[in-house]
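Visitor: I have a chain open here and would like to talk it through with you. Can we start from the outside and work inwards?

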Amino acid sequence: MSQYLSQLSGLSTFLITLACGAHLFFFFVLWVWSRRDLKRIASSLDDFTRGLKHRSLLDSTGHLSDQIEAFLADVNETLDPNANPQDRKILSERVHILDEKRRYLSSHFFETCYNICRTMIEAYPLAGVLGTILAMGAALQLNADSDTSSAINAIVSHFGDAIWSTFAGLAAAILLMFLNSILETSFLGLVENRRHVRDTVVRAKRELAFASGGEAAP
């Protein structure tokens, strides 16, 4: 048992570092995922609003979220009863575009993955403390039947593993918290963009269907 504890305590720093590397990769996957979905949303709204008389186009270097919000503002303005009838007709003919590309509007899986990734950051300091406890436990277990001086020597010999384990846990947590603070705005912005697009799609279908029905009634 003491041998296994000693091996595990020696591996604790490596395991924490390995988990941190996997965590960084997972954040990268989420970033690529969010960029892909933002581009899909912006592309669909670009197709949906192309040809409108008053259409907002931001600079190409602008953030995609800003472009999406500008597109949505154009759609909501066109859905106003006093808007240009020709623009409303264009949207009515193109509303199927948003229905055909709705998979990117499903955000539950993305939000779940991000919440897991964000919450697990808190586990690294605990993993570092656990590695420290394992190192001390291994030292005491190896010298359970020895005198006090031998036990102290064993603790000192395992002190390096304990310190590096704690350092790895704290360093990983700090690094990942800093990275999350950079990406959080973008990820939450994607969630908000999806919600706004869903609300706008529902309104567009309702308003345009009502308008079409009113025109067909006579």
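Visitor: Which residues form a nonpolar patch on the surface?
Guide: Bearing in mind that this is a predicted model, the patch is formed by Phe25, Phe26, Phe28, Val29, Trp31 and Val32, which together have about 540 Å² of accessible area.

Visitor: Now the inside: which residues have the most contacts in the largest nonpolar core?
Guide: That core has 28 residues, and those with the most contacts inside it are Phe27, Leu30, Leu45, Ile68, Tyr124, Phe187 and Val197. Helices α1 (2-49), α2, α4 (108-119) and α7 (159-216) each supply at least two residues of this core. A second, separate core of 8 residues includes Phe48, Leu52, Val75 and Ile90.

Visitor: What is Leu30 in contact with, leaving aside its neighbours within four places in sequence?
Guide: With those neighbours set aside, Leu30 is in contact with Phe110, Cys113, Tyr114, Cys117 and Phe187.

Visitor: Let's switch to α2: which of its residues are buried?
Guide: The buried residues of α2 are Leu64, Ser65, Gln67, Ile68, Ala70, Phe71, Leu72, Asp74, Val75 and Thr78. The helix itself covers residues 64-78, 15 residues in all, and reaches 21 Å from its first C-alpha to its last, close to the 21 Å expected at 1.5 Å a residue.

Visitor: One more, Asn193: buried or exposed?
Guide: Asn193, which is found in helix α7, is buried, because its relative accessible area of 3% is under the 20% limit.

Visitor: So what is Asn193 in contact with, beyond its neighbours within four places in sequence?
Guide: Apart from those neighbours, Asn193 is in contact with Leu38, Ser65, Ile68 and Glu69; of these, Ser65 and Ile68 are among the buried residues of α2.

Conventions. Residues are numbered from 1 along each chain as its sequence is written. This is a predicted model: local features need pLDDT of at least 70, side-chain atom pairs count only at pLDDT 80 or more; totals for chains, interfaces and linings use all residues. Side-chain values use heavy atoms; hydrogens and water are left out. Helices (H or I, at least four residues) and strands (E, at least two) are DSSP runs, numbered from the N terminus. The expected span of a helix is 1.5 Å times one less than its number of residues. Buried means under 20% relative accessible area, exposed over 50%, partly exposed in between (1.4 Å probe, protein chains only). A nonpolar core is a set of buried Ala, Val, Leu, Ile, Met, Phe, Trp, Tyr and Cys residues joined through side-chain atoms within 4.5 Å. Contact means heavy atoms within 4.5 Å. Patches are made of residues with over 30% relative accessible area and no salt bridge: like charges are joined within 9 Å, nonpolar side chains (Val, Leu, Ile, Met, Phe, Trp, Tyr) within 5 Å. Accessible areas come from the Shrake-Rupley method with a 1.4 Å probe; for residues, only the protein chains shown count as cover. A salt bridge is a side-chain nitrogen of Lys or Arg within 4 Å of a carboxyl oxygen of Asp or Glu.
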